[in-house]
Amino acid sequence: DKPQPTLIANITFGLVIAAAASAAWLSFDAYLNQDRLGREQQAVQLLDPVTAGAYSSEERLDRIKQARERLAKNPLDSDALTALSLLHAANGEQAKADELALAAARLTIRNETAQLLALDTKMKQGDVASALISMDGLIRSSPGLAEGLFDQMLNLARDKDTAAKLVSLLAQNPPWRVALFVRANNNKTETYTIYSLLTALRATEAPPVDAELGILLTRMLVDKDYAGASYLWLDMLPEVDLKRTGNVFDGGFETQPRNLLSIARSNN
């Protein structure tokens, strides 16, 4: 039986391969003619797990030879390393494939295929912290992959140990953080999971912003969870405001309105 491509590779390679065709080849023009360059693009760069698995053993060996020839000329060729990783995986040599995937990803963040293979390798090895760094880089460089990667992050948020690592990344306040909570809401992620992330962030130097709180607050109101919404609002009040709560909060209208629901709607 041929090895099956992994989940992350399957859900994202349709986007990745289209972008991979325009990767950096100009560096080879100095010593490769255009015809040979075109052949190597087809044989090495335009490769995915399904295609690599469909090759015969002889074809894979031939393409491994081509990729190694390219590496001999340019040891920093991430496309050749990526192709080798896919081909060795198709041969059932997964340890070698993982090693090559990590090596390719270290060379450049612009090679999406290499980064996705490395991400998959890190997850298999249980290196969640490093995998999250890879996800962060992919979301920034390839926004089209964001939703699938957000779903992977939300899966990690459901486990206590891996959730802590996700919070550490979110505490760095990446530019896509609000979008993660929008995805969580749109994807019907459990209210408890979203709330747990917001609660954990409250203890960091980048606590939840109104846009993030508003997303969950709106969800609770739509679900008619008024008690939960009230608790969330109280739980996230600054200490100075919490001390002033009573039967009626801010009866004198001294505090500035935060418009949490309006902010949440504008982000959806």
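Predicted model: local features only at pLDDT ≥ 70, side-chain atom pairs only at ≥ 80, totals over all residues.
**Helix α5**
- At the start of α5, Asp77 uses a side-chain oxygen to reach within 3.1 Å of the backbone nitrogen of Asp79.
- Just after α5 comes Gly92, with a positive phi of about 85°.

- In soluble globular proteins, nonpolar side chains tend to be buried together.
- Here, the largest nonpolar core has 34 residues, and Leu132, Met153 and Trp176 have the most contacts inside it.
- Several helices supply at least two residues each to this core, including α7 (112-124), α8 (128-141) and α13 (210-222).
- Helix α9 gives the largest share of this core, with seven residues.
- Setting aside neighbours within four places in sequence, Leu132 is in contact with Met153, Leu156, Lys165, Leu166 and Leu169.
- Another core, of 18 residues, lies apart from the largest one; among its members are Leu47, Ala52, Ala80 and Leu100.

**Rings**
- There's one aromatic pair in the structure: Phe150 and Trp176 have ring centres 5.8 Å apart and planes at 45°, so the pair is tilted.
- Phe150 sits in helix α9 and Trp176 in the loop between α10 and α11, 26 residues apart, so the pair links distant parts of the chain.
- Phe150 is buried, at 4% relative accessible area, and Trp176 is buried too, at 5%.
- Elsewhere, Arg63 lies over the face of Tyr55, 4.3 Å from the ring centre.

Definitions and conventions
Residues numbered from 1 in each chain as written. Heavy atoms only, no water. Polar contact = N/O pair within 3.5 Å; in protein donor to acceptor, adjacent residues only side chain to side chain. Helix = DSSP H or I, 4+ residues; strand = E, 2+ residues; numbered from the N terminus. Core = buried A, V, L, I, M, F, W, Y, C linked by side-chain atoms within 4.5 Å. Buried < 20%, exposed > 50% of the residue type's maximum accessible area, 1.4 Å probe, protein only. Contact = heavy atoms within 4.5 Å. Phe/Tyr/Trp six-rings, centres within 6.5 Å; stacked < 30°, edge-to-face > 60°. Lys NZ or Arg CZ within 6 Å of the ring centre and 35° of its normal.
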